[in-house]
Amino acid sequence: MLGVELTAVRIDKPDDLNVVIGQAHFIKTVEDMHEALVGVSSHLRFGLAFCEASGPCLVRHSGNDDDLTELATTNALAVGAGHSFIVFLREGYPVNVLNAIRHVPEVCGIYCATANPVDVLIAQTELGRGIVGVVDGSAPLGVENADDQADRRQLLRQIGYKL
């Protein structure tokens, strides 16, 4: 029987950044994801990193913002899970990029897309490390009431996501 060790890795990020964490399957991910993100908006700033799971097993990285690329690379090293990727976003939201990321042929799945604090849950065996899930933000404190619903609707219209 194989042993498994479970740990959590906190994603190190400023509060004003959004992060997308997922899994892909091929070294080509970095270039294809870069192209997809550039195509979303000329204003979008991003950095991405991908943990290669075979061959030299390097953290591959790209982006159009050096600080975000460095942050993605540092966090990818800390997570250290094969075939995982991390994208940090500035001047754009996950809702703007998720379809583009999902349509990258190498992307297998997305664990989270958030501005919240994130813990990545890691399983480690003698083979390596893998992401088993994420903790995205805090637990609910209650159920919205009519005032909360009105606030939600107003916010979505204020930031341009609803008419």
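This is a predicted model: local features need pLDDT of at least 70, side-chain atom pairs count only at pLDDT 80 or more; totals for chains, interfaces and linings use all residues.

Trainee: In which helix is Thr69 found?

Mentor: The element to look for spans residues 66–79. Thr69 falls inside that range, and the helix is α2.

Trainee: Which residues does Thr69 touch, not counting those up to four places away in sequence?

Mentor: Setting aside residues up to four places away in sequence, Thr69 touches Phe46, Gly47 and Leu48, among others.

Trainee: Is Asp32 buried or exposed?

Mentor: Asp32 sits in helix α1, residues 29–38. Not counting residues up to four places away in sequence, it touches Val104, Pro105 and Glu106. The cut-off for the buried class is under 20% relative accessible area. Asp32 has 15% relative accessibility, so the class is buried.

Trainee: What is the relative accessibility of Ser84, and why does Ser84 count as buried?

Mentor: Ser84 belongs to strand β5, residues 84–90. Leaving aside neighbours within four places in sequence, Ser84 has contacts including Gly22, Gln23, Ala49, Phe50 and Cys51. Buried means under 20%. Ser84 counts as buried because its relative accessibility is 5%.

Trainee: How far apart in space are Ser84 and His25, C-alpha to C-alpha?

Mentor: In sequence, Ser84 and His25 are 59 residues apart. In space, C-alpha to C-alpha, the distance between Ser84 and His25 is 8.3 Å.

Definitions and conventions
Residues are numbered from 1 along each chain as its sequence is written. Side-chain values use heavy atoms; hydrogens and water are left out. Helices (H or I, at least four residues) and strands (E, at least two) are DSSP runs, numbered from the N terminus. Buried means under 20% relative accessible area, exposed over 50%, partly exposed in between (1.4 Å probe, protein chains only). Contact means heavy atoms within 4.5 Å.
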